[in-house]
Amino acid sequence: MTLGVARNPHATNVADRLLAVAERLGVPARVVDLRSLGLSVQPHGDVTVADERGPVAVSSLAPYLLFGFPAAVHALRALERGGYAQNPVDGVLRADDKAATAQCLAQAGVAQVRTEICGADPGRVAAAAARIGYPVVVKRTHGAQGRWVRRAAEPAALAAALAELAADGPGAVVVQAEVTESAGRSVRAVITGGQLLAVTERAAAAREWRSNIAGGAAQHRVELTGDERELVLSAARAVGLGHAGVDLLRTRHGPRVLEVNSCPDFTSMQPHYGEDLAEAVLRASLTRPAPL
């Protein structure tokens, strides 16, 4: 039994922590380098997955962040066919695409923040914002850690936000209603093995409105209500993930899903929990759970 731990240089905390726990527990683990991961197909159909260290042969895959390395998708599909993964590649792709996530949640009837999906054309985005009503939040459909997220309280600010996002090239965007009563707060719930693992509430740093830990947000442990618990579990199932981080906003109309992440950085939540969260994720990643 060998656990594959895909390492993405954009976010290394989770992979590094899982590797450390695997070493402590004596679980064989193979680092998989997403930058060099590729697939070799021979004339008669033989397929080999390899990275810069050589061929990759694993029996299971730990949760991974795919963002930034789309060429690795085909190799990861081949590894998935030969072993177990909490998160199928298709689920990871849906979570990486905020527009696809919104569609999955809608199809499953999961309550989410009001969202419009459109091209980055300023006129179309302005029309979407007008339908929603200011203030709005505009995001590139692909991104992580709040890098490509902007807010706009009026049309001029929206135009400036779009200009900033356009600097990284063309692409679709999602426009969402800003939930002003949340006031820079969100709830992050982490699920592994299809079960709730840890929950914290995050508060944005001073002079910041995004509640990303990478942006300096503080957090503390909280409990979910019954409705919130069912909402986060339903969101993960809708996207097709056994391991996920679901971001909720507590609104005056009830909880709403903001985002679903396939490889949330749970390491910042560890100080608020007695048990080793990484060990729980690792154990859930080794074997397929028995059917209920």
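Glutamate 279 is buried, at 19% relative accessibility. Here, buried means under 20% relative accessible area, exposed means over 50%, and partly exposed lies in between (1.4 Å probe, protein chains only). This is a predicted model: local features need pLDDT of at least 70, side-chain atom pairs count only at pLDDT 80 or more, and totals for chains, interfaces and linings use all residues. Residues are numbered from 1 along each chain as its sequence is written, and side-chain values use heavy atoms, with hydrogens and water left out.

Glutamate 279 forms a salt bridge with arginine 24. A salt bridge is a side-chain nitrogen of Lys or Arg within 4 Å of a carboxyl oxygen of Asp or Glu. In this pair, the closest N and O atoms are 3.0 Å apart. Arginine 24 sits in helix H1 (residues 13-25) and glutamate 279 in helix H8 (residues 277-286), so the pair links distant parts of the chain, 255 residues apart. Helices (H or I, at least four residues) and strands (E, at least two) are DSSP runs, numbered from the N terminus.

## A buried pair

Aspartate 247 and arginine 188 also meet in a salt bridge, at 2.4 Å from N to O. Aspartate 247 lies in strand S15 (residues 244-251) and arginine 188 in strand S12 (residues 185-192), 59 residues apart. Both residues are buried.

## Network and total

Salt bridges with shared partners join Arg17, Arg24, Asp276, Glu279 and Arg283 into one network. Across the whole structure, the search finds 20 salt bridges.

## A partly exposed pair

Aspartate 16 pairs with arginine 7, with 2.9 Å between the closest N and O atoms. Aspartate 16 is partly exposed at 33%. Arginine 7 is partly exposed at 30%.
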